[in-house]
Amino acid sequence: MSEKKSLNSLIIHPDIEPGVIDNAMLTRCILEYGPKEEAGRLFAEEGVHLDEAQIVRLEFQNILRIDHLWMLKSLRKLTLAHNLIEKIENLEQLTGLNELDLSFNKIEKIENLENLVNLEVLTLFHNKIRKLENMETLENLLVFSIGDNLIEDYKEMAYMRRFRKLRSVSFKGNPCCDDPMTNQFLKSALTRVTFLDYKLVTEEERENGRALFRGLLRKLDEADEKAEKERLAKEDYEAKVKFYALSFVEYLSGPELLDSMFEKDPDGSLLLKVGGELLGFYEQYKEQYVETMAGLVEFAQEAYNLRQNEIKLFKDLVDNALEDSVKKSKNVVDEFEEKKTPLINKMNEIISKFTSKQATLEQLEPSILDAGEAFNDIIYDLWKKLMTIEMQLYEQCEESRVQFAVNMTEMITKLLEVSRNAFGAWREHEGMWSMRQFEALSKLLGNKIMLGDAPPELFEVMMDRDQMMNLVAQSSDNHMRFIDAREDLLMTRANNWRDELIKSTNDNEIKRNRDRILEIYYFIDNQREEWTDMQMSMTETVDPETAALLGDDF
């Protein structure tokens with residue numbers, strides 16, 4: 001075979017120019033299916049921002065491979081229908097996707113959809129799929145089209161019973177649809193589906209199907225009930241883990257962490273297979289661990305509640321101080337407005353006399369200067385009082401923040417002290433376990449009869465004292481490192497939580513203080529500008545030299 005021929009044989013579709021998804025194709029398709037006429041012209045002039053595109057249609061592009069879509073961060077609807085795609089891939093970045101259309105392609109397997117947890121509409125019509133799989137995470141699925149594929153057993157559709165929100169399914173065109181029982185099975189098995197192949201499913205049709213598949217449906221119901229219990233148990237367990245994580249003691253409320261420690265220790269797991277007396281010691285170790293950690297978890301929960309109460313008290317204190325400050329500031333501003341009103345009236349009288357030519361600017365100058373000085377006095381008094389109120393608030397909040405930081409530090413320190421004691425007790429339990437383990441194993445050392453059906457690798461260890469002792473020591477070292485790591489994790493997270501809380505509290509107060517000072521200066525500047533505008537309105541009818549001379553006094 002020639003080199004040219006062998007290379008051609010590697011090309012999937014040698015007579016078709018393949019389409020490659022790139023920025024140019026994406027931009028072209030977005031413009032093609034975007035707004036038309038004048039709106040389209042404006043849309044094109046503004047330019048296409050791929051990270052803002054919510055709908056993309058790449059149909060009839062001879063695309064062989066899904067790729068280059070990671071930049072479509074805002075995408076909600078993606079259509080890749082009528083292409084040559086053979087594999088579902090490279091969609092993991094499109095976590096916000098609601099609709100995905102892969103119909104009329106050459107896909108053989110459902111895969112790589114686990115990140116599309118927001119998907120509501122999935123269309124796989126006219127592909128080469130034989131099995132329903134790998135869709136467990138699509139809990140929001142509402143509409144599913146799998147028609148015109150290669151599914152040969154209609155019972156395969158029982159897989160879709162897990163989707164609690166599923167309401168519409170298209171299945172027609174699969175080989176198993178030649179069996180007249182298919183339609184009746186789907187209507188009776190998919191109890192939540194309202195529309196099958198775009199037709200409303202009636203209750204009578206469901207009942208007819210139930211009569212035919214009563215035994216099979218009973219088994220499916222039992223399996224679903226078991227799966228539902230497992231799901232609820234898992235959700236409950238995850239909720240507890242999340243709850244305990246707030247106290248930094250997740251996975252410490254039962255034997256799970258100890259079990260995990262042995263699972264990650266092949267030496268210890270191997271030695272446990274000796275059984276007998278050793279298993280009794282192991283159960284005692286587990287009971288001691290659970291009792292010790294139960295005390296820590298109980299204390300950590302109480303400590304969490306105390307911290308939350310302290311945070312609430314601090315927040316209420318700051319909010320009350322802020323509310324009081326706002327009231328004082330409002331009273332100061334109201335007082336300023338009362339003092340400003342007669343000055344504004346006086347200035348309007350001066351302007352009226354000037355515009356009506358009852359007096360010249362030179363004659364009015366003393367009155368203007370007096371009014372200006374009076375205004376400057378009240379505006380300075382306003383600034384001083386507002387800044388004093390803000391300074392008092394900042395100092396009050398600072399005292400509260402310092403005390404809050406001290407209280408949080410004391411609480412976390414106490415938690416860490418109790419944690420150290422608990423983990424110290426765990427280490428003592430581990431030391432006792434290691435000693436008992438060595439004693440129990442020493443009794444069986446070299447005793448082929450007592451070892452019975454022990455695995456070959458364990459049998460070999462138990463024939464050599466040094467090897468057995470090394471294995472016990474290695475197992476103990478592994479456990480101690482495991483305990484150290486979990487204690488370090490708890491302490492690191494607790495300290496980081498405290499530091500981040502105190503830092504964010506300080507940063508928020510500093511930002512609030514700066515914003516308030518800027519607000520005060522902005523208000524003062526606006527008042528001065530208004531007053532200046534009133535004065536300058538008199539200069540519009542006089543020559544620039546006179547206005548400039550009076551401007552300094554203004």
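Let's start with Arg 427. At 23% relative accessibility, it counts as partly exposed. One caution before I go on: this is a predicted model.

What does Arg 427 pair with? Its side chain meets that of Asp 484 in a salt bridge, 2.7 Å from N to O. The pair links distant parts of the chain. The cut-offs matter here: buried means under 20%, exposed means over 50%, so both residues fall in between.

Side chains of opposite charge can pair when their charged atoms come close.

Next, Arg 493. It forms a salt bridge with Glu 250, and the closest N and O atoms are 2.5 Å apart. Where are the two partners? Arg 493 is in helix H13, and Glu 250 is in the loop between helix H6 (214-245) and helix H7 (256-263). They are 243 residues apart in sequence, so this pair ties together separate parts of the chain. Is each one buried or exposed? Glu 250 is buried, at 10% relative accessible area. Arg 493 is partly exposed, at 26%.

Now a third pair. Glu 203 and Arg 210 meet through their side chains in a salt bridge, 3.3 Å from N to O. Arg 210 is partly exposed, with a relative accessible area of 24%.

How many salt bridges are there in the whole structure? The search finds 40. Some are joined up: Arg 164, Glu 228, Arg 231 and Glu 235 are linked in a network of salt bridges.

Back to helix H13, which covers residues 465-536. Asp 466 is found there. It is exposed, with a relative accessible area of 52%. Asp 466 also belongs to a negative surface patch, along with Glu 457, Glu 460 and Asp 464.

Last stop, helix H9. Ser 325 lies in this helix, which runs over residues 277-355. At 7% relative accessibility, Ser 325 counts as buried. What does Ser 325 touch, leaving aside its neighbours within four places in sequence? It is in contact with Ile 389 and Leu 393.

Leu 317 is found in helix H9 as well. This residue is partly exposed, at 42% relative accessibility. The C-alpha atoms of Leu 317 and Gln 396 are separated by 9.7 Å, with the two residues 79 apart along the chain.

That's my tour. Over to you.

Terms used
Residues are numbered from 1 along each chain as its sequence is written. This is a predicted model: local features need pLDDT of at least 70, side-chain atom pairs count only at pLDDT 80 or more; totals for chains, interfaces and linings use all residues. Side-chain values use heavy atoms; hydrogens and water are left out. Patches are made of residues with over 30% relative accessible area and no salt bridge: like charges are joined within 9 Å, nonpolar side chains (Val, Leu, Ile, Met, Phe, Trp, Tyr) within 5 Å. Accessible areas come from the Shrake-Rupley method with a 1.4 Å probe; for residues, only the protein chains shown count as cover. A salt bridge is a side-chain nitrogen of Lys or Arg within 4 Å of a carboxyl oxygen of Asp or Glu. Lys and Arg count as positive and Asp and Glu as negative; His and the chain ends are not counted. The place of a charge is taken as NZ of Lys, CZ of Arg, CG of Asp or CD of Glu. Helices (H or I, at least four residues) and strands (E, at least two) are DSSP runs, numbered from the N terminus. Buried means under 20% relative accessible area, exposed over 50%, partly exposed in between (1.4 Å probe, protein chains only). Contact means heavy atoms within 4.5 Å.
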